[in-house]
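Subject: Structure handover, with notes on its pockets

Hello,

Here is the structure I said I would pass on. My notes on its pockets follow below.

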Amino acid sequence: MTTQWIAIRDLPAHTGEKITLCGWLYNLRSSGKIHFLQLRDGTGTVQGVMVKNEVPEDLFNETKSLRLEASVEVTGVVRSDERAPSGVELSVSCLRVFQNPEDEYPLGKKDHGIDFLLDHRHLWLRSSRQQAVMRLRDRVIRSAREYLQNNGFILVDSPIISGSAGEGASGLFEIDYFDSKAYLAQTGQLYAEAAAAAFGKVYCFGPTFRAEKSKTRRHLTEFWMLEPEVAFYDHEDNMDLQEGLVCHIVAEALNHCRPELAVLERDISKLENIKPPFHHLQYDEAMEMLHDLGSNTPYGDDLGNEDETILTQQFDRPLFIECYPKAIKAFYMKEHPTNPNLVLCDDLLAPEGYGEIIGGSQREDDYDRLVARIREEGLPEEAYDWYLDLRKYGTFVHSGFGMGIERVVAWIGGLQHIREAIPWPRTIYRIKP
Ligand code: 4AD
Ligand code: MG
């Protein structure tokens, strides 16, 4: 191809030049003598202005019949325009139509219900709001990786198909695996632990699966989890790492995603508060506070979504809740040194009612205790023989955590529901498109 297309994002640098761009028609308004074409190409939008007596009559008439989302190549001179959000507009002299849709574009300007939008997710992604969410997601992932890489971590990915459960036997997706059964990963953690014994500081990052029948604003059946794991880090070191990572991600969103956060109408001041030190409560203290706030959740239970919401509304920064009862947490967590009923773990809750974005713990490094926990939980011991080997050959204090990417994106973007934070949401009732 010989044509040099210019991205809409880069137009201001070409002010005064005649350029060509490729994209889609986002909106079209016409007065009798002028067409105003809102054009988008994925990098931004720009208004193209086509004046009747400056272009061939055929072109002017054909343009009038364009439908939304027609794919086009447009040539014109870039002019600065103070009123335009991008600072420029395009005086259109030439327009080539790749395709003018035969049917009306299903996603018009009218308010569609959420089910209709989700059914049309493949088209909905073109909207300015969804573009803002996906760019924010991209930035969250990039900055998370960057933070870990800059701090000496190496990426060691975990398998998606596995013979053993990670988080416990419930909520597993079982698949036929030749002549046996296998499971889709709920977590990459157990593999990350093995990798930490090989490399020290590692992380894995990939899709994880939970067959929970939760219909909340915070649950997907497929979500992306970033899981750092560090040799010789204890519970405290683990929380410091979480705090550093989350602060970096928020700072980078503020550095790079101002336009996106503006589209999402996010209150930036709330994000500017996200600085160390985060708040800390022990599980016991959190329970007491919840009871004062009117919660009925009994001591010993996990916090419900509602509990997390009311608790985090009390704080302007993320909140660590530490040391939950052993009985409600996963088998691999390290027993508390002075209270055998508790474990050395933390949940990090995002403010403004968003709730848990990270779950982490120091891992049980004692062979006998770990075997006992596996038996207590009724887990198949033989599936964990390799995991137990890590406690047999050079056992080591180590800790790690999992951060749910969609939960973080929903919080930073101020989204109502996590399903907007992933390109193709999977929930109990949705696996299409
Ligand atoms: O607290 P979870 O279940 O922890 C683990 O899976 C650990 N094995 C992680 C580790 O220590 N390496 O999940 C971790 C995070 C949660 O805090 C939440 O952000 C996210 O994963 N998450 C979900 N996100 C969307 N939908 C769901 N159903 C989720 N379940 C967990
Ligand atoms: Mg959790």
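How many residues line the largest pocket, and which of them lie nearest its centre? Please keep in mind throughout that this is a predicted model. The lining of the largest pocket is made up of 45 residues. Nearest the centre are E167, R210, E212, D302 and E356. The space in this pocket comes to about 1,200 Å³.

Several elements contribute to that lining. At least two residues each come from the strands β11 (222-231), β14 (345-350), β15 (355-362) and β16 (398-404), and likewise from the helices α10 (305-312) and α13 (405-413). Of these, β15 gives the largest share, with 6 residues. Sorted by class, the lining of the largest pocket holds 15 charged, 14 polar and 16 nonpolar residues.

The second largest pocket contains about 790 Å³ of space. Its lining consists of 28 residues, and T43, G44, T45, P259 and V263 are the ones nearest its centre. Two or more lining residues are given by each of the strands β2 (34-40), β3 (45-51) and β5 (88-99) and each of the helices α4 (128-150) and α7 (258-263).

Which domains does the lining of the second largest pocket draw on? Both domain 1 (8-99) and domain 2 (121-421) supply at least three residues to it. By class, the lining of the second largest pocket has 8 charged residues, alongside 10 polar and 10 nonpolar ones.

Regards

Methods
Residues are numbered from 1 along each chain as its sequence is written. Chains are lettered from A and ligands numbered from 1 in the order in which they are written. This is a predicted model: local features need pLDDT of at least 70, side-chain atom pairs count only at pLDDT 80 or more; totals for chains, interfaces and linings use all residues. Side-chain values use heavy atoms; hydrogens and water are left out. On a 1 Å grid over the protein atoms alone, a cavity is a set of points where a 1.4 Å probe fits but cannot get out, and a pocket is an open set with protein on both sides within 12 Å along at least five of seven lines; lining residues have an atom within 4 Å of a point. Grid points are joined across faces, edges and corners, and a volume is the space filled by probe spheres set on the points. Helices (H or I, at least four residues) and strands (E, at least two) are DSSP runs, numbered from the N terminus. Ala, Val, Leu, Ile, Met, Phe, Trp, Tyr, Cys and Pro count as nonpolar, Asp, Glu, Lys and Arg as charged, and the others, Gly among them, as polar. Domain bounds come from an automatic or database domain assignment.
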